[in-house]
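Here is my note on the model, as you asked. Please read it with the coordinates open.

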Amino acid sequence: MEKKIKSLLDRMTLEEKAGQLQQCGPSIVGAFDVDFEELVNMAYDGRISGEEFQRLMSTAEQDYHESELRAGRIGSYNGISDAKIVNRLQKIAVEETRLGIPLLFGYDVLHGYRTVTPIPLGESCAWDPDLWERTARMSAEEAGAGGIHMTFAPMVDVSKDARWGRISEGAGEDAYLNAKYGVAKVKGFQGSSLKEPDTMIACVKHFAGYGAVESGRDYNRVDLSPQKLYEEYLPPYEACVRAGARAVMPAFNDLDGVPCTINQWLLRKVLREDWQFDGMTISDANAIAECVEHGIAADRRDAAAKALLAGVDMDMTSDCYSQHVVHLVEEGILPEEVLDQAVGNILRIKMELGLFEHPFRTDEEKEKKTILKPEFRATARKAAEESMVLLENSGILPLRTECRIALSGELAGIRSEMSGTWAIKCSGEDCVSIADACAQRRIEYETYTEEEIIRCDSVEELFQGYDVILAAVGEKKNQSGEAASRTDLALAPIQKKMLERLAKSGRPVVAVIFNGRPLAIPELKGQAQAILEAWHPGVEAGNAILNILFGTVNPSGKLTTTFPHAVGECPVYYDHIRTGRPAGRSKFTSKYLDVPSEPVYPFGYGLSYTAYTYSDLEIAERKESVTVSVKVKNVGDVDGMEIVQCYFHDPVALRVRPVKKLIDFVKTPLSAGEEKRVVFEIPKEKLGYYDPQMRFVVEAGEYEFFVGGNSSDCLVCRTNLCGLSN
Ligand code: NOJ
């Protein structure tokens with residue numbers, strides 16, 4: 001392969017080399033009576049619906065820059081999701097360009113292509129690496145049939161800040177969990193051979209530390225101590241790279257003052273040298289050009305030079321490379337070897353995908369047959385069921401089969417809101433709402449909007465004939481995701497008013513929440529007899545919700561993100577560093593005056609229709625590892641799945657350590673009455689940390705191990721470990 005790359009490079013002109021670095025996004029040129037900007041404004045003002053806007057966009061005429069493609073000035077496209085168009089452009093690339101180099105098609109397939117599964121934050125609550133891998137395999141098969149070669153996923157940005165809208169796109173606040181999630185996704189997307197058409201290159205993002213944007217405001221700065229970066233933020237990216245991810249996307253943000261897009265230390269030293277990454281890197285959208293706005297490049301030409309020197313191979317849609325790289329090399333500012341390296345990295349990926357031999361990996365027929373296959377829907381439903389977290393249940397759930405239901409709140413009926421962020425290909429019609437699922441199952445139900453409930457004279461009368469009220473509340477899909485940071489994590493005022501009235505109806509209320517982030521909803525447990533956290537569950541939303549509410553499925557999901565009382569606490573997370581004055585009842589301790597110190601729902605928390613007890617925590621030391629084991633018993637009368645979590649703490653160290661850190665977990669089935677011993681084999685390496693001189697140390701001495709069903713409620717055992725090698 002290296003020989004082939006070399007011989008191609010020898011034959012390429014500078015223009016053709018620069019062309020390979022260019023990822024182009026089609027622009028919209030017409031087909032509207034009104035111009036594009038006005039259309040956006042109309043959607044913004046609510047004069048056309050989001051659905052109508054989507055429909056117009058997908059039927060609009062687009063400019064694929066074909067003359068540039070023919071001239072060898074485009075190496076990749078972003079955002080095309082149509083096998084016919086993909087093949088038409090690929091045909092131009094392989095038959096009409098001088099060297100016939102195939103194109104690479106990239107797309108954001110974060111949680112499903114057309115068969116959308118729960119948002120990543122939701123799916124992470126399944127704590128199930130097999131499931132994560134299976135849903136990624138399914139996405140690759142479906143997106144592959146649509147012509148996609150590379151997905152801009154997984155996003156493994158650890159995020160501890162609910163204000164940040166993109167918390168929805170990752171696996172929550174814990175580094176270990178994000179690493180497990182990311183590795184499973186990489187395996188699933190890339191399959192066993194990239195030459196198979198049902199695989200995609202995984203592009204791990206956003207490297208690095210994007211989840212730590214100051215004050216949770218998107219695109220903001222990131223300032224992290226080296227220890228924090230290495231212990232809490234880098235591990236998931238590293239795990240994905242070591243698992244074989246073939247692409248990496250530097251983040252928009254700066255890291256301690258140097259934007260990741262031009263960060264030589266990050267992209268050359270950490271990524272390529274330390275982690276031995278030999279895949280391709282691609283900037284985030286327009287990020288190279290934005291280095292000018294950052295104030296770190298004089299102009300776009302300077303930005304192009306800096307990004308390429310830092311090791312960014314492909315330019316996502318900013319045109320900085322296509323406009324400046326040739327001159328930069330001709331003028332001797334950029335060594336041609338640097339350019340060759342970047343081109344080589346891209347050609348290698350195209351070869352690994354087998355595109356030189358088989359540039360057409362799909363066709364319209366295959367696309368049609370693959371999209372939304374029934375077995376995909378079944379997987380999406382299973383994923384949604386495993387992702388939902390039962391937060392409260394006074395005993396009203398599971399519901400009786402024959403009960404009459406009042407569906408309140410518009411979210412119970414809006415299909416298009418079920419898919420969540422980054423579900424570009426999925427339309428509302430693909431999704432099953434709660435109302436749809438009720439109708440299909442012939443459940444007796446009626447729907448009520450927030451306004452109807454708020455304005456009615458008597459809620460008692462309105463809901464007289466019902467056994468239960470389902471209140472659908474939370475966020476719409478565009479309230480989380482990119483550029484959707486919020487300073488208020490409470491429910492919308494109209495939803496709050498509705499819930500206040502429902503609480504006075506005399507009927508039991510079950511709240512189902514849809515959201516892309518933890519919400520501050522401490523009051524909800526006083527208003528509802530049960531609360532189901534559904535996230536944005538994907539195409540099978542309504543079916544999965546009813547399966548849980550009616551007890552066909554026993555809920556097992558556990559939170560991967562802490563639920564605060566109020567936004568003012570954010571960031572709030574379980575693995576916080578110890579202080580000299582831990583929160584207590586006395587005044588001068590580390591706490592807020594106006595909210596309790598314990599979160600509303602802690603990391604790892606989630607209920608089931610059964611209950612589990614933990615006993616007999618045992619620790620045994622081996623040479624290189626520690627064995628932690630515990631007995632877990634299902635003490636209820638239904639079968640269930642328990643997520644058993646193992647945490648540790650280093651009580652005296654060279655640097656102040658977190659109060660608790662997740663070190664392993666097991667998801668295990670337990671039938672009613674069953675008891676089993678769950679065993680964790682923990683390599684001592686995992687107990688290490690970086691000392692003040694940035695040396696990785698695994699100290700001998702005392703450790704605490706905690707095992708339980710959530711981060712707040714664990715059995716604990718102290719032990720002295722010796723024989724640890726540094
Ligand atoms: C910007 C986002 O930050 C990134 O996650 C995404 O992959 C690109 N746009 C492409 O859509």
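The points below cover the ligand site, the cavities, a pocket and the salt bridges.

1. **Ground rules.** This is a predicted model: local features need pLDDT of at least 70, side-chain atom pairs count only at pLDDT 80 or more, and totals for chains, interfaces and linings use all residues. Numbering starts from 1 along each chain as its sequence is written, and side-chain values use heavy atoms, with hydrogens and water left out.

2. D108 places a polar side-chain atom 2.4 Å from a ligand oxygen. For R166, a polar side-chain atom is 2.7 Å from an oxygen atom of the ligand. The side chain of H206 has an N or O atom 2.7 Å from a ligand oxygen. The protein buries 92% of the 300 Å² that the ligand exposes when taken alone (Shrake-Rupley method, 1.4 Å probe).

3. **Cavities.** The whole structure holds 4 cavities of 30 Å³ or more. A cavity is a set of points, on a 1 Å grid over the protein atoms alone, where a 1.4 Å probe fits but cannot get out; lining residues have an atom within 4 Å of a point. Volume is the space filled by probe spheres set on the points. The largest cavity has about 110 Å³. Its lining has 13 residues, with E16, Q20, G72, T97 and I101 closest to the centre. By class, that lining is 7 nonpolar, 4 polar and 2 charged.

4. **Second largest pocket.** A pocket is an open set of grid points with protein on both sides within 12 Å along at least five of seven lines. The second largest pocket contains about 950 Å³ of space. Among its 27 lining residues, Y573, H576, A583, S597 and V659 lie nearest the centre. The lining has 14 nonpolar, 8 polar and 5 charged residues.

5. **Salt bridges.** The search finds 53 salt bridges (a side-chain nitrogen of Lys or Arg within 4 Å of a carboxyl oxygen of Asp or Glu). One of them pairs E386 with K667, with the closest N and O atoms 2.3 Å apart. E386 sits in helix α17 (residues 374-387) and K667 in strand β22 (residues 661-670), so the pair ties together parts 281 residues apart in sequence. Helices (H or I, at least four residues) and strands (E, at least two) are DSSP runs, numbered from the N terminus.

How values were computed. A polar contact is a pair of N or O atoms within 3.5 Å; within protein, one must be able to donate a hydrogen and the other to accept it, and residues adjacent in sequence count only if both atoms are side-chain atoms. Ala, Val, Leu, Ile, Met, Phe, Trp, Tyr, Cys and Pro count as nonpolar, Asp, Glu, Lys and Arg as charged, and the others, Gly among them, as polar.
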